[in-house]
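Here's a quick tour of a protein model, written for someone who likes to know the cut-offs behind each label. Have the structure open while you read.

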Amino acid sequence: MVESKASSSAELGLSTSIMSRTAAVAQVASAYAAKESSTVADILELVDGLSRALYLAEQGAQTQVPAQPEVAHPPKAAVPAVAIEDAVQDDKVVCLCCGQSFTMLKRHLKAEHGLTEDEYRKMFSLPASFPLVAPAYSARKAEYAKQAGLGKHDRRT
Ligand SMILES: [Zn+2]
């Protein structure tokens with residue numbers, strides 16, 4: 001107990017290079033000391049805690065001052081899960097949100113990401129012509145529509 005008092009005092013004496021902090025601590029300590037119920041140990045403990053708190057507050061205040069202007073981080077469009085040029089393959093389209101591939105994205109976008117095709121295109125700055133259905137699939141569908149029941153023709157647009 002005696003030892004800790006002594007070391008607290010010594011610490012206080014050594015760590016009071018900043019006058020404002022010392023003054024603040026002394027003010028609080030003397031106010032506290034005026035209370036009849038306060039013991040020396042109480043006061044030393046209080047002073048110790050205050051010194052530390054004030055020190056931390058000063059450190060905090062210092063780190064709040066930016067040493068250099070913050071690097072602007074422009075709100076960029078979402079980062080695609082795969083390169084946009086890889087997102088459309090002949091028989092599948094890759095979801096740029098999560099990297100999964102599908103024959104058509106519309107339902108997936110809505111179900112998984114709550115996006116409409118428009119919102120999805122905007123999110124990744126895609127042109128309106130950007131296919132969200134696998135080219136082979138939409139070609140086949142068109143084929144079926146035109147030639148239903150007439151057999152398979154390998155006709156490309
Ligand atoms: Zn997805």
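## Ground rules

First, burial: a residue is buried if 20 or more other C-beta atoms lie within 10 Å of its own, exposed if 12 or fewer, and partly exposed in between, with C-beta atoms placed from the backbone. Leu50 is partly exposed because 19 other C-beta atoms lie within 10 Å.

This is a predicted model, so local features need pLDDT of at least 70, side-chain atom pairs count only at pLDDT 80 or more, and totals for chains, interfaces and linings use all residues. Residues are numbered from 1 along each chain as its sequence is written.

## Overall layout and confidence

The protein chain has six helices and two strands; these are DSSP runs numbered from the N terminus, with helices being H or I of at least four residues and strands E of at least two. Reading from the N terminus, the order is α-α-α-β-β-α-α-α. Of the chain's 157 residues, 8% count as buried. Take contacts next: two residues are in contact if their C-beta atoms, placed from the backbone, lie within 7 Å. Among contacts between residues at least 6 apart in sequence, 48% join residues at least 24 apart.

How confident is the predictor? Its per-residue confidence is pLDDT, on a scale from 0 to 100. The mean pLDDT of the protein chain is 78, with 72% of residues at 70 or more. Among the elements, helix H1 (residues 2-14) has the lowest mean pLDDT, 50, while helix H4 (residues 106-113) has the highest, 97.

## The nonpolar core

A nonpolar core here is a set of buried Ala, Val, Leu, Ile, Met, Phe, Trp, Tyr and Cys residues joined through C-beta atoms within 7 Å. The largest one has nine residues: Ala87, Val93, Val94, Cys95, Leu96, Leu105, Leu109, Tyr120 and Ala134. Cys95, one of that set, touches Ala81, Gln100, Phe102, Leu105 and His108, if you skip residues up to four places away in sequence.

## Helix H3 and Leu50

Back to Leu50, which sits in helix H3 (residues 40-64). Leaving aside neighbours within four places in sequence, Leu50 is in contact with Val25 and Val28. Leu50 and Ala24 are 26 residues apart in sequence, and their C-alpha atoms are 8.8 Å apart.

## The loop between H5 and H6

Leu132 is found in the loop between helix H5 (117-123) and helix H6 (135-147). Why does Leu132 count as partly exposed? It has 19 other C-beta atoms within 10 Å. Not counting residues up to four places away in sequence, Leu132 touches Val93, Met104, Leu105, Lys106 and Glu117; among them, Val93 and Leu105 belong to the largest nonpolar core.

Phe130 and Val88 are 42 residues apart in sequence and 8.7 Å apart from C-alpha to C-alpha. Ser125 also lies in this loop and counts as exposed, with 12 C-beta neighbours inside 10 Å. Most residues other than glycine have a negative phi. Phi of Ser125, however, is positive, near 50 degrees.

## Into helix H6

Ser138 is found in helix H6. Ser138 counts as partly exposed because it has 16 C-beta neighbours inside 10 Å. Ser138 and Asp90 are 48 residues apart along the chain, and their C-alpha atoms are separated by 10.0 Å.

Notes
pLDDT = per-residue confidence, 0-100.
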